[in-house]
Amino acid sequence: MSIKPLAFKMRPRTIEEIIGQQHLVGEGKIIDRMVKAKQLSSMILYGPPGIGKTSIASAIAGSTKYRFKTLNAVTNNKKDIQIVAEEAKMSGKVILLLDEVHRLDKGKQDFLLPYLENGMITLIGATTSNPYHAINPAIRSRCQIFELKPLSIEEMKIALTRAIEDEERGLGGYSLDVTDEAIDHFASSSFGDVRSSLNALELAVLSTSPGDDGVIHIDVSIAEECLQKKSFSHDKDGDAHYDVVSAFQKSIRGSDVNAALHYLGRLVEAGDLPSIARRLLVIAYEDIGLANPQAGPRTLAAVETAEKIGFPEARIPLANAIIELCLSPKSNSAITAIDLALADIRKGKSGEVPDHLKDAHYQGAKELGRGVEYKYPHSYESGWVAQTYLPDKLKKAHYYTPKATGKFEQAIAGVYEKINKQNK
C-alpha cells in the first residue's frame with residue numbers, strides 16, 4: 001500500500017471520473033463546457049469538507065493537460081506563489097488550486113491578481129466558507145463561484161465500490177468481502193463526505209486480518225468501529241450556522257413545532273446558547289409580537305434560566321419557550337410599522353415637530369410659541385383629545401396595520417380604529 005490515503009489515490013483524473021456534482025461537471029454543464037472548449041476561467045468552489053473540491057480541480061487539470069499546482073492560503077507563503085508564477089511564465093498557463101482561499105492575505109492577493117488578470121494563472125479556490133461572506137471582493141470579482149453539494153448515498157456507494165474494485169489505485173489487490181450492510185454504513189454515516197468514507201473503508205481493510213480462507217471480511221460492526229459516530233459539525237462563523245439559525249426562525253414563524261425542535265437540537269448539540277438566546281428573543285417580538293405580548297417576557301425568563309443552569313438542562317426551558325412561540329398566534333404588525341416609519345425618515349420625509357409638542361421647559365419658550373397650545377390628554381375624561389402629533393408633511397401617514405390573529409391585538413385594534421375615526 002502507498003502511504004498516501006485511499007481518498008487521495010482515488011481522486012478522479014478527468015472530469016468524466018467525477019462522482020456527483022453533475023450540476024457542474026455533467027454533460028453540457030458549465031465546467032464540462034469550459035474544459036471541452038479549453039476556455040477555463042478562475043473559479044471558487046465552496047461547500048462542506050470532503051465532497052470533491054480538490055478532486056474537481058485535479059480532474060480539470062487532467063482533462064486539459066495544463067500544469068497543476070496545489071497551495072494553501074494559510075500555510076504557503078508569498079514565495080510559493082512566486083514560484084507558481086515563474087512556472088506560469090515558462091509554460092504559458094498554470095492551474096493553481098488554492099485551498100482555504102478565504103484566508104488569502106493582502107500581500108499574497110496583491111501579487112496574485114495581475115496573473116489572474118492576464119490569464120497566466122487560472123485560480124481554483126477551495127473553501128468551506130460562503131465566498132460572498134468570507135472572500136475579498138477583489139478575488140471574488142475575478143472568479144466564477146460554484147457551490148458543491150454533499151454526495152448522495154447512492155453516489156457514495158459508487159465511490160466506495162469503485163475503490164474496492166480498482167486494482168491500480170484502490171483496494172482491488174486485496175481479497176475482500178465487504179457486505180452490503182457495511183457499504184451502506186460507510187455511505188450513510190459519512191453525511192456526503194466521500195473522503196471520510198473512503199478513509200474509513202481503508203482503515204477497515206488495513207486493520208482487519210484475513211480469515212482462514214485468506215479473505216478480509218468487512219461487516220457492519222467493523223464499519224461502525226472504523227467510522228466512529230461523526231461528531232456534529234457546526235462552525236459558528238460558517239455558512240451552515242446561518243442556514244440553521246435561519247431555518248430555526250422560519251420554522252417557528254411557520255408554527256412547525258417539530259422542525260423548530262429539530263433545529264434547536266442542532267444548535268444545542270453545537271453548544272451555541274448565545275445564538276439560541278438572541279434568536280428566540282428576536283422571534284418573540286418580531287414574529288409573535290402583539291398577537292401574544294406575554295410571549296416576550298416568558299421567552300426572556302426561559303433564556304435567563306437557560307443561561308443560569310447551562311447545558312444540558314438548558315434545553316428544557318428553551319424547548320418550553322419554542323413550543324409556546326410555535327403555537328402562538330403570529331403578528332408582525334409592530335416590525336412592519338416601525339420599518340415603514342423608518343423608510344419615510346430615510347427618504348427625507350420628516351418635517352418639523354409641531355410647535356405645541358416642542359419642549360416648553362425653559363425661559364422664553366412661551367414667547368416662541370413652544371408648547372402653548374398643547375392639550376394634556378389626562379385633563380380630559382376619556383384620557384384622549386384630538387390634536388396633531390405628526391409633522392405637517394406626514395400628518396396623513398399610517399404605519400400600523402393591526403392583525404386579527406390574537407385576542408390582545410384584536411382589542412387594541414378596536415381602540416386604534418376608534419381613535420382614527422375621531423381624528424377624522
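Is Ser255 buried, partly exposed or exposed? Please note, before I reply, that this is a predicted model. Ser255 has a relative accessibility of 35%, and therefore counts as partly exposed, since that class lies between the 20% and 50% limits. Ser255 sits in the loop that runs between helix H13 (239-253) and helix H14 (257-269). Its phi is near 65°, a positive value in a residue that is not glycine.

A positive phi also occurs at Lys38, again not a glycine, with a value of about 55°. Lys38 belongs to the loop between helix H3 (30-37) and strand E1 (43-46). With 47% relative accessibility, Lys38 is likewise counted as partly exposed.

Another backbone feature is the cis peptide bond between Phe311 and Pro312, where omega is about 10°. Pro312 lies in the loop between helix H16 (295-309) and helix H17 (315-327).

Let me turn to the surface. A patch of negative charge is formed there by Asp180, Glu181, Asp219 and Glu224. Of these, Glu181 is part of helix H10 (residues 180-188), and its relative accessibility of 49% makes it partly exposed.

Finally, the chain as a whole. Its secondary structure consists of 19 helices and seven strands. Of its 424 residues, 43% are buried. The C-alpha trace spans about 100 × 55 × 40 Å along the principal axes. The radius of gyration is 31 Å, whereas a compact globule of 424 residues would have one near 22 Å.

Notes:
Residues numbered from 1 in each chain as written. Predicted model: local features only at pLDDT ≥ 70, side-chain atom pairs only at ≥ 80, totals over all residues. Heavy atoms only, no water. Patch = residues over 30% accessible without salt bridge, like charges linked within 9 Å, V, L, I, M, F, W, Y side chains within 5 Å. Areas by Shrake-Rupley, 256 points an atom, 1.4 Å probe, with all protein chains shown as cover. Salt bridge = Lys/Arg side-chain N within 4 Å of Asp/Glu carboxyl O. Lys, Arg positive; Asp, Glu negative; His and termini not counted. Charge placed at Lys NZ, Arg CZ, Asp CG, Glu CD. Helix = DSSP H or I, 4+ residues; strand = E, 2+ residues; numbered from the N terminus. Buried < 20%, exposed > 50% of the residue type's maximum accessible area, 1.4 Å probe, protein only. Rg over C-alpha atoms; globule rule 2.2 N^0.38 Å.
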